[in-house]
Amino acid sequence: MSDHEYTPKSKFGKWFNDRLPLLTLASHLTDYPTPKNLNYWWTFGGILTFCLITQIVTGLVLAMHYIAHADMAFDSVEHIMRNVNYGWLIRYIHANGASMFFLAVYIHIFRSLFYGSYKSPREIIWIIGIIIYLLMMAAAFLGYVLPWGQMSFWGATVITNLFSAIPLVGEGIVTWLWGGYSVDNPTLTRFFTLHYLIPFLILGLVVLHIWALHVPGNNNPVGIDIKKPSKDTVPFHPYIVIKDGFALLMFMIVFAFFVFYTPNILGHADNYIEANPLVTPAHIVPEWYLLPFYAILRSVPDKLLGVVAMLSAILILAALPWLDTSKIRSAVFRPLYRQFYWILVADVLILGYVGAMPAEGLYLLVARVATAYYFLHFLVVLPILGYKEKTLPVPLSITEPVLGGSPNLAMAKNKENFKD
Amino acid sequence: MSEKKVKRRDFLFTATYAVGAVGAAAVVWPMIDQMNPDASVKALASTEVDISSMNPGKTITVLWRGKPVFIRRRTQEEIAEAKAVKLEDLKHPEKDEDRAKDPEWLVMLGVCTHLGCVPLDQKGDYNGWFCPCHGSHYDTSGRIRKGPAPTNMEIPEYKFVNTNTIKIG
């Protein structure tokens, strides 16, 4: 981390910094050399930090008014909406904030997929990111249970029952998770506890994520290693701060649109009906951000294998740095990968669509094909592509294509970058 | 490398680790077990239901241990249909006689064995139950016939206390 030495100017600053080098850390963060060609897809890290802080702050406030009890939870949420000063605003920010968080994280993940940001030497950053993503899904699911509406209750029932697919111990685990023989008050109170805990775990992992990032430095759209600091880099402050800030403002406009103009469009009307253990809603669907995985779950006709497929679909991402055998990072120089990338994007969108539809007829068929393709992409296409693909010449530095026109063979590094 | 001789100190280390592990487990277990059903939840283990007013073709749903239990007084056609099914046609082969002690009365947990939704009465391809969540079809004996559910709907422990009362649990 210590790319450079830093000495505070004031005497007190020096005294303090010798005992706790916070000023050295601050100096590292502001001077942190960043590739100068980062585009707007790189602003989502900052946007995600904003989302996390928003969820923590609004969540703390909601917890001051919410009552985690099966008999009172639903009414306490209505109490927040009707009686608490600005309660409606805070709850709508928190509820839509979850969706905005996932929107940003999906863009962030697909940016990494396009520019190969998960490849050596950034595997640990990537894996920490996948863990954060898993925790985000857990937090979102637990939070969705708290209002104790019909979707809360039945979503909790369906998701906890996934564990019953485990042979032998499954039923015992489900009873243990519930603290009873069905989803009930003990389940609600522990879900609230865990929902409160997870954001702070995520916060800790975000620190590790950024720490691991600052060791090799940012990847960039060209995907080449750069010297830092050099003419290929700019200091984080003010260049990246102002760019991230502008992107954040744009993002907040979208966020505010949902909060103020259509706060319930991403939710389900059924969740404004209090939980009833005797009646299952006619059509149970998870929140939009979990739909692709839900489609994978339902596309497998066997219970255990369905659960295995769904979990594998997420965990396979952790193995991505080793499944992608190509040494070239950026899809800009990988003409074939670029096409498969967009097919994958379409595939995930299709999975999301059929996940919201009833699991029958044509929808089921499409879900099965899309599920098969999802795994094919990671397990077959990516490993083979690294050996077969003829990549384009990669420039030597970020500055070169700017000063010398588009990349050409003369600028290409060595033969080692080419694969036949 | 020559073979190492086991010394007195090695024994002490191993013994210390073993005692430490047992101690850690003894501390961790209460933290895990506190999440299991507590005494007040277990105390609600049985329910008595009055069935005197039920005519054939009627189903009632009662809550037992937080879960719905279907009690259906089946019609003669439904009983005949359930008995006519060949065991080799079933995903989870169970005879109707083994599921309904008194063929007129079917008492079962109204919980889909796929992921725990409550199936709808008299729906689906087999005139029994249909789960709206992921499309499992059950027959008039509550046996799985089509869809992702792995097993038949569960039969809880129950007995006829007298002709008008069923005790579940």
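Buried residues (under 20% relative accessible area with a 1.4 Å probe, protein chains only; exposed means over 50%, partly exposed in between) make up 38% of the 169 residues in chain B. In chain A, 51% of the 420 residues count as buried. This is a predicted model, in which local features need pLDDT of at least 70 and side-chain atom pairs count only at pLDDT 80 or more, while totals for chains, interfaces and linings use all residues. Residues are numbered from 1 along each chain as its sequence is written, chains are lettered from A and ligands numbered from 1 in the order in which they are written, and side-chain values use heavy atoms, with hydrogens and water left out.

Here is how the two chains look side by side. Accessible areas come from the Shrake-Rupley method with a 1.4 Å probe, and for residues only the protein chains shown count as cover.

| Chain | C-alpha box along the principal axes | Accessible surface | Carbon and sulfur part |
|---|---|---|---|
| Chain A | roughly 70 × 60 × 45 Å | about 20400 Å² | 72% |
| Chain B | roughly 80 × 40 × 30 Å | about 9800 Å² | 56% |

Let's take chain B. You'll find four helices and 10 strands in it, where helices (H or I, at least four residues) and strands (E, at least two) are DSSP runs numbered from the N terminus. Along the sequence they run α-α-β-β-β-α-α-β-β-β-β-β-β-β. With a radius of gyration of 25 Å, well over the 15 Å that the globule rule gives for 169 residues, chain B is more spread out than a compact globule. That radius is taken over C-alpha atoms, and the globule rule is 2.2 Å times the number of residues to the power 0.38. As for contacts (heavy atoms within 4.5 Å), 51% of those in chain B between residues at least 6 apart in sequence join residues at least 24 apart.

One spot to look at in chain B is Ser136(B), which sits in strand β7 (residues 136–138). Ser136(B) is buried, with a relative accessible area of 1%. Its side chain reaches the backbone nitrogen of Ala149(B) at 3.2 Å. Not counting residues up to four places away in sequence, Ser136(B) also touches several others, including Cys112(B), His114(B), Trp129(B) and Cys131(B).

Now over to chain A, with its 16 helices and two strands. Its radius of gyration is 24 Å, close to the 22 Å that the globule rule gives for 420 residues, so chain A is as compact as a globular protein of that length. Among contacts in chain A with a separation of 6 or more, 78% are between residues 24 or more positions apart.

Helix α11 of chain A (residues 291–299) has nine of its nine residues buried, so the helix is largely enclosed by the rest of the structure. Among them are Leu291(A), Phe293(A), Tyr294(A) and Arg298(A). What do they pack against? The buried residues of α11(A) pack against α5 (87–115), α6 (123–145), α12 (303–315), α14 (335–355) and α15 (361–388) of chain A.

Chain A has a buried serine to look at as well: Ser330(A), at 0% relative accessibility. Ser330(A) lies in the loop between α13 (320–323) and α14. A polar atom of its side chain is 2.7 Å from the backbone oxygen of Pro221(A). Leaving aside neighbours within four places in sequence, Ser330(A) is in contact with Phe114(A), Tyr115(A), Pro221(A), Val222(A) and Gly223(A).

Note on methods: A polar contact is a pair of N or O atoms within 3.5 Å; within protein, one must be able to donate a hydrogen and the other to accept it, and residues adjacent in sequence count only if both atoms are side-chain atoms.
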